[in-house]
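I opened my notebook to go through one protein model, entry by entry. The sequence and the structure come first.

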Amino acid sequence: MTIRRTSIKTLTKKTVWDIQENDVFRLWREAEKDADLKDNKRHYLDIILSAFELTELPSTRADAVRKFERQGYKVGFMKGLGNDEAKWGVRKRKITRVGELTYDNIHHITAAELLQIIDRNFGGGWDSLTERTQDIIRSYFDISSTTLPKNRLRNKGGIYEKRTAEKYEVLEIPKGTWVEVIFAKEKQTIYVDDDDTPGDDEPDNVNGTIEDNDNYEEEFGEEGELADDDNFDDEEAYDEEAYDENDYADAGELTLDDVVAAEDEG
C-alpha cells in the first residue's frame, strides 16, 4: 500500500477531515515559503475552513490563549492571515445536524454519532430525512430500519436481537405504542476514489447491501458511529477571576472575505 504524505497542495475537502488541529499549523508552516501559498491562499483556506474553525485571538496574552484553549481550540501562529503577530485558534468543526452531513465528512463520524445526529432531527425518524441525506449516510453506513410494537421489540430471534448481535448501533424512536428502530453500522468495504477533487460531492464507489424498512409481517406474521512547537508561558500572573468577556467580543471566526480584505489593506 502506498502512503502519501499530506501537504497543503494535496489536501482536499474530504481528506481535510482526517487531519487534526496541529496538522493545520504544520501544513501551513511548511507551505509558508512556497510562492504557491500566496497565489492560491483562498483555495487552501476554503478547504481548511470546510472542516475547521479559524479564529484570530484578540490578544497574545496568556489569559487570552488559555480562554480559547478551554473552548477546544489549539493556538499558534499562521503567517499571511492579516496581522502576522496575531495568534490563531483552530478547532475541528463538530457535526451535530443532519444538514451538515456531506459525502466529504460522513466518514469522519461513527455509527453511534450518526444515530445521535439523526435523533436530534426532531424525532422524525429515518423517513424524515431527505433522499439526498439518506444517500450520503448510505455511502458509508449499512442502515436497517423497522417499526414494531413496543412489547414485541426485543422478541427472541427477532430483528433487534439479530442486529445487535451483528454489532449494529441502535436508535429507538418511540411512536405511541410502537417504536421505530434504526440500526447503523460502518460498511466493511470502502473503495476510495483516488481522483477525488475538492468540492466533489459524489459518493465513493462502495459495495454493501442495505436492508431498508424490514417488513413487520415477515418478522411476526399477520399479527403483527497547540501547535506542537508553540509555547505560551507568560510571566504575567494568570487570574481566572480577572476575565472580562467584553475583552473578547471582537474575536470572530475567519471567513474568506476577511482574508481578501486583509490582503487589500496590505
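Which helix and which strands do the buried residues of H5 pack against? I looked this up and found that they pack against helix H6 (131-138), E4, E5 and E6. I noted what the labels mean: helices (H or I, at least four residues) and strands (E, at least two) are DSSP runs, numbered from the N terminus. I also noted that contact means heavy atoms within 4.5 Å.

**Entry: what kind of model this is**

I noted that this is a predicted model, in which local features need pLDDT of at least 70 and side-chain atom pairs count only at pLDDT 80 or more, while totals for chains, interfaces and linings use all residues. Residues are numbered from 1 along each chain as its sequence is written, and side-chain values use heavy atoms, with hydrogens and water left out.

I then looked up the confidence, given as pLDDT (the predictor's confidence in each residue, from 0 to 100). The protein averages 77, and 69% of its residues score at least 70. Confidence is highest in H6, at 97, and lowest in helix H8 (residues 216-220), at a mean of 39. Over residues 197-251 the pLDDT is below 50, and this stretch has 114 contacts in the model beyond near neighbours in sequence.

**Entry: helix H5**

I listed the buried residues of helix H5 (residues 111-119) as Ala111, Leu114, Leu115, Ile117 and Ile118. Buried means under 20% relative accessible area, exposed means over 50%, and partly exposed is in between (1.4 Å probe, protein chains only). Seen down the axis of H5, these buried residues fall within an arc of 155°, so they line one face of the helix. The arc is that of the directions from the helix axis to the C-beta atoms.

I found Asn121 in the loop between H5 and H6. Is Asn121 buried or exposed? Asn121 counts as buried, at 16% relative accessibility. Leaving out residues up to four places away in sequence, Asn121 touches Val98, Ser128 and Leu129. The side chains of Asn121 and Ser128 are joined by a polar contact of 3.1 Å. A polar contact is a pair of N or O atoms within 3.5 Å; within protein, one must be able to donate a hydrogen and the other to accept it, and residues adjacent in sequence count only if both atoms are side-chain atoms.

**Entry: the sheet of E4, E6 and E5**

I traced an open sheet of three strands in the order E4-E6-E5, with antiparallel pairing. Two strands pair if DSSP finds at least two bridges between them. Strand E4 (141-149) and strand E5 (169-175) are the edge strands, each pairing on one side only. Neighbouring strands here are turned by 15° against each other on average, direction ignored. For such angles, axes are lines fitted to C-alpha atoms, for helices over the stretch in contact, and angles run from 0 to 180 degrees between N-to-C directions.

How many bridges pair E4 with E6? I read nine bridges between E4 and strand E6 (residues 178-186), in the antiparallel sense. Phe141 stands opposite Glu186, and Ser144 stands opposite Phe183. E5 is joined to E6 by seven bridges, and Pro174 stands opposite Val179 in E6. The hairpin of E5 and E6 has two residues between the strands, and Gly176 takes a positive phi near 70° there.

**Entry: the sheet of E1, E3 and E2**

I traced another open sheet of three strands, in the order E1-E3-E2, again with antiparallel pairing. Its edge strands are E1 and strand E2 (74-77). Its neighbouring strands are turned by 30° against each other on average, direction ignored. Five bridges join E1 to E3, and Thr55 stands opposite Gly89 in E3.

**Entry: two arginines**

I found Arg91 in strand E3 (residues 87-92). Arg91 is partly exposed, with a relative accessible area of 21%. Arg91 and Phe52 are 39 residues apart in sequence, yet 5.4 Å apart in space, C-alpha to C-alpha. A polar atom of the Arg91 side chain lies 2.6 Å from the backbone oxygen of Gln71.

I found Arg61 in the loop between strand E1 (52-56) and helix H4 (62-70). Arg61 counts as partly exposed, at 40% relative accessibility. Its side chain makes a polar contact of 2.6 Å with the side chain of Asp63.
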